[in-house]
Amino acid sequence: MWWCMRSRADRGRVALERALRAASVALLAWMLWTALRPRATVTGVDVAREATLPAALARWSTDSRVRSAHVLLDTAPGALRRDWLAALAHAGVAVGWSSSSAFPAVALEARPSGDPAGGARVLVAAPRNATIALSDNAGTLTDVHRGTTGAGVSFALPALDGPARAQFGVHGVAGAPRDSVLLRRVVVLGRAGWEAKFVVAALEERGWPVSARLSVAPTVDVAQGTIDLDTSRTAVVIALDSTAARDASRIMRFVRQGGGLILGADAARLAAFASIAPASQGARVRAATLAFASAAPRRALAFQALIPKRAGVIALETRDGRIVAAAQRAGVARVVQIGYDETWRWRMSGDESAPAAHRAWWSALAASVAYRGALPIAVRATDAAPLAHLVGALGAPVAVPIGSSPAERQGIRAWMAIGVMVMLLAEWASRRMRGQR
């Protein structure tokens, strides 16, 4: 018969060809089953990368066999994906995350400035040596290099359109003011003179409601408005000199309530304010220049150098290594001490920009310490501290568990296709060598 007529070598080749064909068909069937079978839980932990996270979230939410999941992140996920992962964790899925590189601990706070002229202050915590690009809905606001020192960057903005966004390379953060400041009164206490007159004028011109008591003689005062030292009506007390001594106990009670206080050089010497004054006074420093140059006008003012009394005092303004203005918290209140006692000279002797600059400087001091009666406003949710929110939702990062495999490696694999092609080519080559087609 024809089978008997074949040589033993030919019979071996035929058997090999049939085996290769059967193996290739079996592997093709396995590939098809692997691609179409229902999703099963990956060995150990199902791992997804940031690029495949949207599909993985949908899969983890619909497949009851997924019990543990892990995300490999390059940047902090947005609020939607982070909340989705947190919801999975609350639903019983063990969710972990890790990053190939350390996320920067960035944060942003936007709040109304408290100045009657409006505007906002944006505080940004960023990595050292980072370049911060700040923007809002209207476009880019400013770029600033973070530098190697300091705890963050503060931006004073005349206006803010929607949320403020800070970008550091691929990392970004956003935040919007959540309240508006209710404007309250400023009380000015001092002797009748140029300094008190122009401080009151500067604040009123800026839009602050001002009450004042100016001492003309030991028993004679000139009053404007009601001197009501209560945070329900007053936001700031400005004590310019020692005439504030008669109201020292009321001022201290006002500060304990959270009211802001600005101490002039003379008022800061009063023993009644020693416990809350940020600094003691050193030598008097003469004016550095004679002219009030618009670039640095206050260099033409003399001042009392300030020496911080305790830790936590913040230097608001320095000149040639000496502190001119300092601030510190007193309980829930804020107290600012200035070394200047004749800022009126700046307004009177400066160029045409001096009155506006004098107004803005005094208004910024008042706004920085003012009791902030706030009216909440509705804003869209923003991600002001992505890393902190991520850790709060999912916990600290953990290493990828041993034995887990990324989700994108499931399904048809390259070695399967290569194996099928090799077996088919081997069968074809064997048949050709036997003279078969």
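The exercises below concern helices and a loop residue in a predicted model.

**Exercise 1. The buried side of helix 3**

Find which residues of helix 3 are buried, and state how they are placed around the axis.

Solution.
Step 1. Helix 3 spans residues 53–62, and its buried residues are Leu53, Ala56, Leu57, Arg59 and Trp60.
Step 2. These residues cover an arc of only 170° around the axis, which puts them on the same side of helix 3.
Step 3. The elements that the buried residues pack against are strand 1 (46–49), strand 2 (68–73) and helix 4 (79–90).

**Exercise 2. Helix 3 against helix 4**

Describe how helix 3 and helix 4 pack, and list the residues that meet.

Solution.
Step 1. Two packed helices are described by the angle between their axes and the distance between the axes.
Step 2. For helix 3 and helix 4 the angle is about 25°, and the axes are 11 Å apart.
Step 3. Angles under 35 degrees count as roughly parallel. Helix 3 and helix 4 are therefore roughly parallel to each other.
Step 4. The crossing of helix 3 with helix 4 is left-handed.
Step 5. From helix 3, the contact takes in Leu53, Pro54, Leu57, Ala58, Trp60 and Ser61; from helix 4, Arg81, Trp84, Leu85 and Leu88.
Step 6. Sorted by type, the residues of this contact of helix 3 with helix 4 are eight nonpolar, one polar and one charged.

**Exercise 3. The two sides of helix 6**

Determine which residues of helix 6 are buried and which are exposed.

Solution.
Step 1. In helix 6, residues 248–256, the buried residues are Ala248, Ile251, Met252, Phe254 and Val255.
Step 2. Seen down the axis, the buried residues of helix 6 fall within an arc of 160°, so they line one face of the helix.
Step 3. Ser249 and Arg256 are exposed on the other side of helix 6.
Step 4. The cover over the buried residues of helix 6 includes strand 12 (185–191), strand 15 (234–239), strand 16 (260–263), strand 20 (322–330) and strand 21 (333–338).
Step 5. After helix 6 comes Gly258, with a positive phi near 110°.

**Exercise 4. Asp320**

Locate Asp320 in the chain, give its phi, and decide whether it is buried or exposed.

Solution.
Step 1. Asp320 sits in the loop between strand 19 (314–319) and strand 20.
Step 2. Although Asp320 is not a glycine, its phi is positive, about 50°.
Step 3. A residue counts as exposed over 50% relative accessible area. Asp320 has a relative accessible area of 55%, so it is exposed.

Technical notes. Residues are numbered from 1 along each chain as its sequence is written. This is a predicted model: local features need pLDDT of at least 70, side-chain atom pairs count only at pLDDT 80 or more; totals for chains, interfaces and linings use all residues. Side-chain values use heavy atoms; hydrogens and water are left out. Buried means under 20% relative accessible area, exposed over 50%, partly exposed in between (1.4 Å probe, protein chains only). Helices (H or I, at least four residues) and strands (E, at least two) are DSSP runs, numbered from the N terminus. The arc is that of the directions from the helix axis to the C-beta atoms. Contact means heavy atoms within 4.5 Å. Axes are lines fitted to C-alpha atoms, for helices over the stretch in contact, and angles run from 0 to 180 degrees between N-to-C directions. Angles under 35 degrees count as roughly parallel, over 145 as roughly antiparallel, 65 to 115 as roughly perpendicular and the rest as oblique. A crossing is left-handed if the near helix is turned anticlockwise from the far one by less than a right angle, and right-handed if clockwise. Ala, Val, Leu, Ile, Met, Phe, Trp, Tyr, Cys and Pro count as nonpolar, Asp, Glu, Lys and Arg as charged, and the others, Gly among them, as polar.
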